[in-house]
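Morning, everyone. Please bring up the sequence and the model on your screens, and we'll walk through some strands and helices together.

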Amino acid sequence: MPGLGTSFGRGGATTFLQDLPNADCILIQGSNFAEAHPVGFRFVMQAKERGAKIVHVDPRFTRTSAMADEYIALRSGSDIAFLGGIVNWLLTNERYFKEYVTAYTNASSIVVEAFKDTEDLDGIFSGFHGQNTGTTQMSQMGGAEGRGDAGGYDTSSWQFERDENGTPRRDETLQHPRCVLQILKRHFSRYTPELVESLCGVPQAQFLRLCETLASNSGRERTTAFAYAVGWTQHTVGVQYIRTASIVQMLLGNLGRPGGGIMALRGHANIQGATDIATLYDLLPGYLPVPSIRRDEQSLAAYLKTNTKPTGWWANTPKYVVSLLKAYFGEHATAANDFCFEYLPQLTGDHSTIPMTFAMKDGTIEGYFVVGQNPVTSGQNVELIAAGMDRLKWFVNVDAFENETSSFWKREGADPAAIGTECFFIPAAMVLEKEGTMTNTNRLLQFHDKAVEPPGDAVSDAWFFYNLHKRVRELYAQSLDPRDRPILHLTWDYEHEDERERRRGEPSVRKIVQEINGFNVRTGEQLRSFTQCEDDGSTACGGWIYTGCAPDKETLRARSRTGDEWVSPDWGFAWPANRRILYNRASAAPDGTPWSERKKYVWWDAQQNRWTGYDVPDFPPEKAPDAPATSAHGIEAHSGSDPFIMQLDGRAQLFVASGLKDGPVPTHYEPLASVIENPLYKQQNSPSAGQWRRRDNPENGAVNPEYPHVLTSYRVTELSGVYTRYIPWLAELQPEAFCEIDPDLAVAQGIRSGDYVTLSTAAGEIEVRALVSGRMHPLRIGGKRVHQIGLPYIFGNFGFTKGDTAGTLIPFSIDSNVSIHESKTLTCALRPGRRAARKALPQDKPVPAGERDPSGQPTLHGVD
């Protein structure tokens, strides 16, 4: 999400699926769109029927590739070099949309003289601090165990020069040697077609053909859309993958325009909604930061000083924070007590899933809730996860089926008699057995009704949390301890309107959504727009970006079902403000007229003196195109031709001065486990990636001859995990775990399709069936022949289809920006035959206190 957020202002997809048919070209990379999002892929096929060029770039030839006009195979983990090559080609050949770039990006902004690029420091930006080996041995095991060689950045040398009013200095001619465009030219000059061929394995002729295709299908008259998924995110530099694609789209002028943008394909039906309202440890609903001790945010004033931006829409942060606190704590939240700000938790470091797992293993976490997840198959280093659960005092799993996590003590090699964890399994209702809302990859909120009653004792997850808090509050009802006030003061009035559901204890989803939408505290009237939120305690709002989805007590726009055409504002509710394409002011030229009649979308109506068009304008509706900045603060600091309202300067960010922990512009680093040395710089891996260098988390390291093959994980349509493994007709379609290998590798190792083979890494080994397939083929990388192996990650040992899980092979490591793992590019060994039975593994043994990281955290400087 920071990849899109720092580039444009928001972390969600900039466009929506129904707009894809308006594209003249669609580049799909980091996604097997047809297989992982088959319902949405119909819009790609509609685009193709209308004449759009469909290109798929992926390590494997997939069902998406089969539907594309051109398939480009590349080495897993090399996407930044590939996309960086496109950036270099566009700039070198001046094929970028210059008017758009000059007016709507920070290409003209001048960076301070202290900035030094990776070209100057051999792979590291100025401001780096922390230990750094700069060699291919950075991630090798050996030596002292503990935390990895990660470092951080002081971003003061990444800033822009500013005038006396604080406005960034610009050179609209784009010739100043320190303007962003010139920095990009120098930075990406190494990313030549020759490098792309050598590093990525993509023939120069095919790469150059793609560059021409993208440029020819972008500009005033034509637009290109990009689509990606977790194939880009699950890397130690995943944020920078997305940043590079964002730079390409900025240069081509495709943001905010029909048939353009970046379609961030979120997993399942509600991953977007889960992050919106808000399951990430460091975010409150609406993407407001959780207070942090490291930022000295112990008071509301200190928090707002840190997080309120002086210009742009985030200048409204106080309104959204105070309204959120009023929604949380109601009448107890007053100006006199900082609206109960002290009730919020304070971050002390990285509390994401992976550090939490090490904390369980090392005995500092005693209890664990797992709701709708199955980390003992979908996680990494799954034996370490299970070994950590062995040491818990209690564990609660809310799920519809028994799974590998709920019954971790049944795993191979475990001794249940030696495990003292008390386990509780709560049977959960499935989606058709409960009512609720989901927010899909379009940022689209939709309501679903209960179709059937859940079986037996199964309850909805909303029931579980609603009643859990009610019972906890009863236990604390007589407490006078100040630390218990957050429990007692939390608003919790969600009784269901239906008497039958109320007797069952089901909460009212309508009331929950109405609170998220927000209301006037005095009158009780629902808010119609987030512009009505105030910072004086007069409004309560549980998630400001959703304001407008329930604008009155009778209306729930998530239920809207009118039309499924291109732009239908009456189908569901898209945050924010029901806008379908974000930053759509950029669909018009600076003077407010459409860039072309063919790509007309939102424009200035001089007669009505307001923005109009086919969508809700993502811009102050009455700010004229020629309106000057009228203030140094808030949205008034932007002119009428600054489309990116969430940014400080109203422009898309080719160069990111703050908000990222690994660089202001993307640069290619090799994966932690790689088959080659980095040909660009001495710096092999991302210097700010987080690693746990301990014996229960062994790594392959770089250029390790014991693990000569590239391994990439993926999913298939027929199975998505434990739910589908319990459906016999789906299990029949994918009856056993397998890996895909190319015919040359199969011949070299004497493997036939259907044979058992063993895949191994330093972290573990698994047995799977071999699928010898032309969908995988070797690449010429750095002058040597490299084989890539594909491995589905959806298998486990519960259900009708069984098999070893890919997570056994993957060590823990994290991206410094979002703490996501690197599971899409690994290295491995392959041998014919079945693996040996698992015995007591190193991960099962406690790590001596002197050899563990007491905090359970990697070395990540400035993680907050």
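Predicted model: local features only at pLDDT ≥ 70, side-chain atom pairs only at ≥ 80, totals over all residues.

Let's begin with sheets. Strands of a sheet pair through backbone hydrogen bonds, either parallel or antiparallel. Which kind of pairing does the five-stranded sheet have? Parallel. This sheet is open, and its strand order is β3-β2-β1-β7-β8. Look at the edges. There you find β3, residues 70-73, and β8, residues 262-264. Each has a single partner strand, so one side of each has no neighbour in the sheet. Neighbouring strands here are turned against each other by 15 degrees on average, direction ignored.

Now zoom in on one pair. Strand β1 covers residues 25-29, and strand β7 covers residues 224-228. How many bridges join β1 to β7? Four, and the two strands run parallel. Find Ile28. Opposite Ile28 stands Ala227 in β7.

Next, the helices on this sheet. Helix α10, residues 204-216, lies across β1, β2, β3 and β7. Its direction is at about 130 degrees to β3. Helix α12, residues 238-252, lies across β7 and β8. Relative to β7, helix α12 runs at about 175 degrees.

On to another sheet. This one is open, with three strands in the order β14-β15-β18. Its pairing is antiparallel. Which strands are at the edges? They are β14, residues 436-439, and β18, residues 573-574, and each pairs on one side only. Strand β15, residues 444-448, is joined to β18 by two bridges. In one of these places, Leu445 has Phe573 of β18 as its bridge partner.

Last stop: two helices. Two packed helices are described by the angle between their axes and the distance between the axes. Take α16, residues 353-361, and α18, residues 382-390. Their axes come within 7 Å and cross at roughly 50 degrees.

Who makes the contact? From α16, Thr357, Phe358, Met360 and Lys361. From α18, Leu384, Ile385, Ala387, Gly388 and Met389. By type, the contact residues of α16 and α18 are six nonpolar, two polar and one charged.

That's my tour. Over to you.

Notes:
Residues numbered from 1 in each chain as written. Heavy atoms only, no water. Axes fitted to C-alpha atoms, helices over the stretch in contact; angles between N-to-C directions. Contact = heavy atoms within 4.5 Å. Nonpolar A, V, L, I, M, F, W, Y, C, P; charged D, E, K, R; others polar. Pairing = 2+ DSSP bridges.
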